[in-house]
Amino acid sequence: MARKVLVSLVSDQTIPNVELIKEFQNQVDYYYFISTEQKTAQLQWIVDATNLAQGKYEIIIVNAFDTADIEKKIHAINFGDDEIILNITGGTKLMSLIVNDIFKNLGSIIYYLTGHDKKYVKVFPSRGENVFHLQ
């Protein structure tokens, strides 16, 4: 059975991750966090702040500056028929670029939180409404 999953990139700025998790909390079945060894404290804060239960999320640890490592670890996940939402607000620029490309090819809906006026933007697909306000 297809799930709705939210994939988030973890970086020093944790608020955008928390905001989008809370925005979609009643729609999402499972969460993936793409992070690095250096961001475990930030990741734990996100999990604690959103009250995510153990077993409702998975952590993918990548080398933030190694494209092959990022690609290999994401391609190892079996998304099957899952409907995927991607939050590209966090991570390094390289992580964001690589992950954006991979998930675009999977037909994901990709969002970026602006950090201004409680807005987030649908980056992909570009059809339809693309600017939203956080609830």
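A: Start with a definition: buried means under 20% relative accessible area, exposed means over 50%, and partly exposed lies in between (1.4 Å probe, protein chains only). Helices (H or I, at least four residues) and strands (E, at least two) are DSSP runs, numbered from the N terminus. The model here is predicted, so local features need pLDDT of at least 70 and side-chain atom pairs count only at pLDDT 80 or more, while totals for chains, interfaces and linings use all residues. Residues are numbered from 1 along each chain as its sequence is written, and side-chain values use heavy atoms, with hydrogens and water left out.

Q: Which residues in H3 are buried?

A: First the general idea. An α-helix has 3.6 residues a turn, so residues three or four places apart point the same way. Now look at H3. Asp69, Ile70 and Ile74 are buried. Look down the axis of H3: these buried residues fall within an arc of 120 degrees, so they line one face of the helix. The arc is taken from the directions that run from the helix axis to the C-beta atoms.

Q: What do the buried residues of H3 pack against?

A: Contact means heavy atoms within 4.5 Å. By that rule, they pack against E2, E3 and H4. The face away from its buried side carries the exposed residues Lys72 and His75.

Q: Which residue caps the N-terminal end of H3?

A: Asp66 does. One of its side-chain oxygens lies 3.1 Å from the backbone nitrogen of Ala68.

Q: Which residues are buried in helix H2?

A: H2 covers residues 40-50, and Gln42, Leu43, Ile46, Val47 and Thr50 are its buried residues. Their arc around the axis is only 140 degrees, which puts them on the same side of H2. The cover over them includes helix H1 (15-24), strand E2 (30-35) and strand E3 (57-61). Asn51 follows H2 and has a positive phi, near 55 degrees.

Q: What is the order of the strands in the open sheet?

A: Strands of a sheet pair through backbone hydrogen bonds, either parallel or antiparallel. Here two strands count as paired if DSSP finds at least two bridges between them. The order is E3-E2-E1-E4-E5-E6-E7, with mixed pairing. E3 and strand E7 (131-133) stand at the edges with a single partner strand each, so one side of each has no neighbour in the sheet. From one strand to the next, the twist averages 25 degrees.

Q: How many bridges join E1 to E4, and are the strands parallel or antiparallel?

A: There are 5 bridges, and the two strands run parallel.

Q: How do E5 and E6 run, parallel or antiparallel?

A: Antiparallel, joined by 4 bridges. Tyr111 has Lys122 in E6 as its bridge partner. Their hairpin has 5 residues between the strands, and Gly115 takes a positive phi near 80 degrees there. E6 and E7 are also antiparallel, with 3 bridges. Their hairpin has 6 residues between the strands, and Gly128 in the turn has a positive phi of about 75 degrees.

Q: Which residues touch the most other members of the largest nonpolar core?

A: In soluble globular proteins, nonpolar side chains tend to be buried together. A nonpolar core is a set of buried Ala, Val, Leu, Ile, Met, Phe, Trp, Tyr and Cys residues joined through side-chain atoms within 4.5 Å. The largest core has 22 residues, and Val7, Tyr32, Ile34, Phe79, Val99 and Phe103 touch the most other members. E1, E2, H3, E4 and helix H4 (93-105) each supply at least two residues. H4 gives the largest share, 5 residues. A second, separate core of 19 residues includes Val18, Ile21, Leu43 and Tyr120.

Q: Where is Asp82?

A: Asp82 sits in the loop between helix H3 (67-75) and strand E4 (83-87). Asp82 counts as buried because its relative accessibility is 13%. Its side chain makes a polar contact with the side chain of Arg3 (2.9 Å). A polar contact is a pair of N or O atoms within 3.5 Å; within protein, one must be able to donate a hydrogen and the other to accept it, and residues adjacent in sequence count only if both atoms are side-chain atoms.

Terms used:
Axes are lines fitted to C-alpha atoms, for helices over the stretch in contact, and angles run from 0 to 180 degrees between N-to-C directions.
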